[in-house]
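Subject: Structure handover

Hi,

Here is the structure I promised you. Please open it next to this email and follow along.

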Amino acid sequence: MAAEEAAEASLARLSPERRQPGREEDDDDEENPEGGGETAALNGMVVSGKVKSNNLDVKVTESELETEEKGTEEESTRESDSNILDVSSDYPREKHISIQRHLADLEKLADLKEDEKKPCPLCPEEKFKACYSHKLHRHLQNLHWKVSVEFEGYRMCICHLPCRPVKPNLVGDQTFSKMGAHYHCIICSATITRRTDMIGHINRHVNKGETESRFITVPAPKSSHEVLKESATDVQVLPNYSTPQKTDSYFNPKMKLNRQLIFCALAVLAEERKPIECLDAFGATGIMGLQWAKHLRSSVKVTINDCNENSVTMIQENCHLNKMKVKLNTKEDDNDEAMGDGEENTDTIEVTKMDANVIMHLRSFDFIHLDPFGTSVNYLDSAFRNVRNLGIVSLTSTDISSLYAKAQHVALRHYGCNIVRTEYYKELAARIVIAAVTRAAARCNKGIEVLLAVALEHFVLVVVRVLRGPSPADDSAKKIRYLIHCQWCEERIFQKEGNMVEENPYQQLPCDCHGSMPGKTAVVLGPLWSGALFNTGFLRRMLFEAVQYGLDEAQPLLKTLVCEADCTTLKHFSTHSPYDENKQEECGVYIKTPNTSAESYLVHGKRKSEEVIRNAAKRQKSESSAEHPAFYYNIHRHSIKGMNMPKLNKFLNYLSEAGYRVSRTHFDPMGVRTNAPLAQFKTILMKYSTPTYAGGQAEGPVHLAEDVQAGEQVQVAADSKAEAAEFPEDDKSGVAAAMFPKDYPTHCAAD
């Protein structure tokens with residue numbers, strides 16, 4: 001009986017409940033050196049063991065110890081797995097030797113000496129034997145350092161030490177363990193085998209905001225918020241602010257040009273009537289609404305909305321950072337709560353936490369901007385429901401994969417359009433978005449007037465003015481047509497109006513590819529917007545506002561858009577303000593506009609007076625008188641093989657001399673917008689192209705004489721020198737040239 005009681009007491013002492021958490025078997029053996037037996041562990045498998053208690057030698061069976069050791073190991077494994085991503089669950093300890101800042105630090109661990117052989121500190125003796133310093137240096141550099149994973153200045157090198165046991169293999173009576181190569185995480189001390197998995201593991205830590213390390217040697221960041229400044233406005237952002245799927249406060253620095261264009265459009269509307277109520281439906285960090293309130297001040301009443309609670313908190317903090325008053329409204333009723341005090345100004349920004357569709361259904365606005373992540377078609381019906389007459393709706397679409405014909409099935413699902421990849425795919429994307437906007441406005445008995453359409457690398461921006469009434473809605477809906485596109489020569493034309501079915505639709509195309517090529521050569525794309533994409537008068541006023549507020553990035557693009565809207569290489573930029581003497585210059589014609597003072601307008605929510613609507617109709621009529629041609633041609637896509645093309649600016653002059661309207665386009669840096677048919681375009685291009693080889697000039701097309709070409713080159717050089725002398729502070733941007741004289745012909749942009 002005494003022996004049995006002693007055995008039970010010893011087993012209780014060895015039980016996992018009586019042990020300290022996180023300690024292994026070898027630690028217990030070291031703390032009890034007086035034990036009567038040894039507990040040798042090989043990969044967690046106990047070979048034999050004895051315990052000594054109350055001066056009695058009791059031999060514990062091997063199976064019992066194995067059961068206890070397995071239970072302890074499973075429990076510790078579960079604890080480590082549950083704490084892999086829990087930074088605060090473990091105490092700080094020293095980092096693993098495979099985590100170093102520099103290669104020299106890794107070499108110090110090896111204690112390199114020229115006359116002695118040293119082992120690798122990250123490899124066992126069985127894998128890499130001791131060698132001299134030059135060979136060990138190459139081993140550390142090539143095998144460990146080059147395949148490391150970097151994080152905040154530290155390198156997590158690959159480790160071959162037996163610190164990651166793999167499932168053991170039993171061969172006969174012996175137990176062998178295969179130790180695999182692995183990485184040690186600097187944050188949670190987990191061991192990962194593959195490098196790609198390790199990178200993904202670190203990224204998951206960063207996305208969750210877990211950048212503090214358990215190791216003592218890695219300093220923790222002081223603050224998780226980073227302050228960025230744009231257009232004299234400060235905003236706080238999270239570390240992963242540029243990835244919308246992984247953060248609540250998305251902020252994209254590449255969209256700075258988009259924000260400046262929207263600000264210019266709002267500034268033009270603020271000059272027409274004051275004050276105006278504007279809405280940023282998807283605030284995120286609130287950068288756009290803060291810029292509106294900070295620069296336009298009392299001219300606008302800004303409302304920033306977001307449905308995410310963390311984003312609303314971030315918007316409030318950014319308002320306080322810019323010393324703005326905050327009026328919080330988080331419910332659909334009128335329970336408002338004023339927060340914060342402005343020290344420098346008394347501007348108040350209303351912050352709401354609602355769904356974008358809800359707030360646009362409940363309230364009326366003069367200016368609405370939609371910038372969701374992806375397509376904005378889900379919010380168009382709500383946007384046009386309560387927007388005021390002659391108000392502006394701007395939307396930014398970032399689903400460029402579907403709009404640029406990379407995901408054609410998505411474009412059919414979202415926009416109801418059939419598209420293919422063409423040379424003018426960016427303008428095609430803009431017309432697709434405008435067609436969706438037109439249909440949404442027509443469902444609310446409203447028409448639209450397109451003020452601006454921009455399609456760049458990351459986004460498609462459309463700005464439209466709202467015209468109430470069924471007649472403007474019908475007129476806008478009639479401009480939605482289908483496009484016939486030839487797949488051989490890429491000629492294109494909009495289908496004629498009417499519902500009658502034609503026997504041969506190919507006859508509408510200017511080309512004769514269907515007669516000379518076998519099979520079907522054309523496709524029908526759309527429905528698309530077939531009207532104008534730009535409003536010249538509005539763009540001129542936007543350019544004036546960009547110059548006034550110092551928006552340097554938007555000015556070159558706006559100058560190119562003014563040229564493209566007029567479809568001419570002649571630039572007439574007036575030096576006076578477009579608001580002087582109650583007149584505005586649109587399409588080269590001064591028209592009378594209503595007084596911009598607040599007294600000349602009625603209370604918001606009521607219809608404008610007949611005089612205002614009459615003036616607006618005159619402005620629309622004058623703006624639509626000189627509509628630019630649709631689409632453009634890429635000069636490289638239609639170049640002749642074996643021929644050198646003329647310079648783009650020279651080619652524009654050749655087309656203009658032939659009697660065609662011509663300009664460059666912002667959609668394509670090598671695109672030419674012209675009303676010339678493709679056949680004439682190719683004829684003029686071939687006429688002024690030169691062969692690439694000297695001996696083939698006799699066989700090539702007709703060219704100008706050498707003396708005429710030399711005279712033209714001298715004249716062009718003289719013109720460029722005179723222009724440089726007259727305008728020394730020319731804009732260096734490649735998008736467009738700077739301000740031009742009133743009566744001097746020049747090109748839209750530098751080649």
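Below is what turned up among the aromatic rings.

First, a caution: this is a predicted model.

The structure holds 10 aromatic pairs. One of them joins Phe651 and Phe681. Phe651 belongs to helix H20 (residues 648-657), while Phe681 belongs to helix H21 (residues 678-687). The pair therefore ties together parts that lie 30 residues apart in sequence. Phe651 is buried, at 0% relative accessible area. Phe681 is buried too, with a relative accessibility of 0%.

Next, look at Tyr654 and Tyr688. Their ring centres are 3.7 Å apart and their planes are at 15 degrees, so this pair is stacked. Tyr654 is in helix H20. Tyr688 sits in the loop between H21 and strand S32 (690-691). The two tyrosines are 34 residues apart, so this pair links distant parts of the chain. Tyr654 has 10% relative accessibility and counts as buried, because the cut-off is under 20%.

There is also an aromatic cluster. Its members are Tyr424, Phe494 and Phe631.

Finally, two arginines lie over ring faces. Arg431 is over the face of Phe631, 5.0 Å from the ring centre. Phe631 is also part of the cluster with Tyr424 and Phe494. Arg421 is over the face of Tyr425, at 3.8 Å from the ring centre.

Best wishes

Notes
Residues are numbered from 1 along each chain as its sequence is written. This is a predicted model: local features need pLDDT of at least 70, side-chain atom pairs count only at pLDDT 80 or more; totals for chains, interfaces and linings use all residues. Side-chain values use heavy atoms; hydrogens and water are left out. Rings of Phe, Tyr and Trp (its six-membered ring) pair if their centres lie within 6.5 Å; planes under 30 degrees apart count as stacked, over 60 as edge-to-face and the rest as tilted. Helices (H or I, at least four residues) and strands (E, at least two) are DSSP runs, numbered from the N terminus. Buried means under 20% relative accessible area, exposed over 50%, partly exposed in between (1.4 Å probe, protein chains only). A charge sits over a ring if NZ of Lys or CZ of Arg is within 6 Å of the ring centre and within 35 degrees of the ring normal.
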